[in-house]
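The following paragraphs lead the reader through a protein structure, one element at a time. Please keep the sequence and the three-dimensional view at hand.

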Amino acid sequence: MIDKLLMDGKVAAWSYRRGWHGNLGITRHTLALDPAQRLPAPLVIAFASDLHAGPTTHPALFDALARQLEAARPDVVLLGGDYVSLGARHIGQLGGLFARAAELAPLGAYAVIGNHDIWHGREPIEAALQDAGVHLLVNRNLALPAPFDMVSICGVDDPWTGAPSPRAAFAGARPVRIYLMHSPDGLCNLAETFNVGFAGHTHGGQIAFANGTPVRRPRGPLSRNHCYGKYEFANGPLIVSRGIGCSALPLRINADPELVLCTLQ
């Protein structure tokens, strides 16, 4: 029904041409590690979330994201879930982007799964990520290749529609821990600490007032009040991204899409 209302993407194309998907930009963060956790060199992490391939997001936005990744040349690419809207079949739009991300990042690309992916059938989405060379982290962690093998990427399943196990996600992790989750609610019931966490899901509200306050806040105990930006928790600092694509409506107002670049040094 919603597919028909959106005319199989024609409404999204019209919105994109008029600039109503927002302007895709780069948001940069720099975090200093404790001297005891010194890295051999600064580690540049790219984080992209909430692509929402399907009738709500025009595919040109994915091409723009690929160009930004190519220009940034990060060491690591992290993908934060919600790759599709309104059907797992739309994952085909992202195969080239996934493969390019895996090729570009010398230390690898890593992904978690979001609620939309689970609602529409996670198996083909997980397969597309893995076929492209992206490491899927569902309640597990992987150490980066040397000389950054003191760093682990710890990924958790979606906190509400999946079967999250933060304990399993951190089991055996190396001293420097990067926590990858779809939603800020991935911090609920978390005992472990991390050096930096990344989440999406909120879209920054997707439609917000001029000061960035969402017109309608996302659901979730932490998502509701942690919609966008960098937050300090007892477990560690969390960066929440507005993401890339559009959900429900092919429209962004005062909540531009973004690629996050975070440097650990």
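Predicted model: local features only at pLDDT ≥ 70, side-chain atom pairs only at ≥ 80, totals over all residues.

Which residue in β11 does Lys-230 stand opposite? Lys-230 stands opposite Ile-239. Residues are numbered from 1 along each chain as its sequence is written, and side-chain values use heavy atoms, with hydrogens and water left out.

Strand β10 and strand β11 (residues 236-240) run antiparallel and are joined by five bridges. Together they form a hairpin, with two residues between the strands. Helices (H or I, at least four residues) and strands (E, at least two) are DSSP runs, numbered from the N terminus, and two strands pair if DSSP finds at least two bridges between them. Strands of a sheet pair through backbone hydrogen bonds, either parallel or antiparallel.

The loop between β6 and β7 contains Pro-147, which is joined to Ala-146 by a cis peptide bond with omega of about 10°.

A further open sheet of six strands has the order β1-β12-β2-β3-β4-β5, again with mixed pairing. Its edge strands are β1 (25-31) and β5 (135-136), each of which pairs on one side only. Seven bridges join β1 and β12 (residues 258-264) in the parallel sense, and Leu-31 has Leu-264 as its bridge partner in β12. Helix α3 packs on this sheet, where it touches β1, β2 (43-48), β3 and β12, and its direction makes about 20° with that of β12. Contact here means heavy atoms within 4.5 Å.

The largest cavity has a volume of about 30 Å³ and is lined by Ala-48, Leu-65, Leu-69, Val-77, Leu-79, Leu-97 and Ala-101. Helix α3 (60-72), strand β3 and helix α4 each supply at least two residues of this lining, which comprises seven nonpolar, no polar and no charged residues. On a 1 Å grid over the protein atoms alone, a cavity is a set of points where a 1.4 Å probe fits but cannot get out, and a pocket is an open set with protein on both sides within 12 Å along at least five of seven lines; lining residues have an atom within 4 Å of a point. Grid points are joined across faces, edges and corners, and a volume is the space filled by probe spheres set on the points.

The largest pocket holds about 860 Å³ of space. Of its 31 lining residues, His-116, Arg-216, Pro-218, Ser-247 and Ala-248 lie nearest its centre. Helix α5 (residues 115-119) gives the largest share of the lining, three residues. By class, the pocket lining has 10 nonpolar, 15 polar and six charged residues; Ala, Val, Leu, Ile, Met, Phe, Trp, Tyr, Cys and Pro count as nonpolar, Asp, Glu, Lys and Arg as charged, and the others, Gly among them, as polar.

Ser-85 lies in the loop between β3 (76-79) and α4 (95-104). This residue counts as buried because its relative accessibility is 2%; buried means under 20% relative accessible area, exposed over 50%, and partly exposed in between (1.4 Å probe, protein chains only). Not counting residues up to four places away in sequence, Ser-85 touches several residues, including His-52, His-116, His-120 and Ser-247.

Leu-86 is found in the loop between β3 and α4; its phi is near 60°, a positive value in a residue other than glycine. Leu-86 is partly exposed, with a relative accessible area of 22%. His-203, in the loop between β9 (196-199) and β10, has a positive phi of about 60° although it is not a glycine, and is buried at 4% relative accessible area. Most residues other than glycine have a negative phi, and most peptide bonds are trans.

How values were computed: Axes fitted to C-alpha atoms, helices over the stretch in contact; angles between N-to-C directions.
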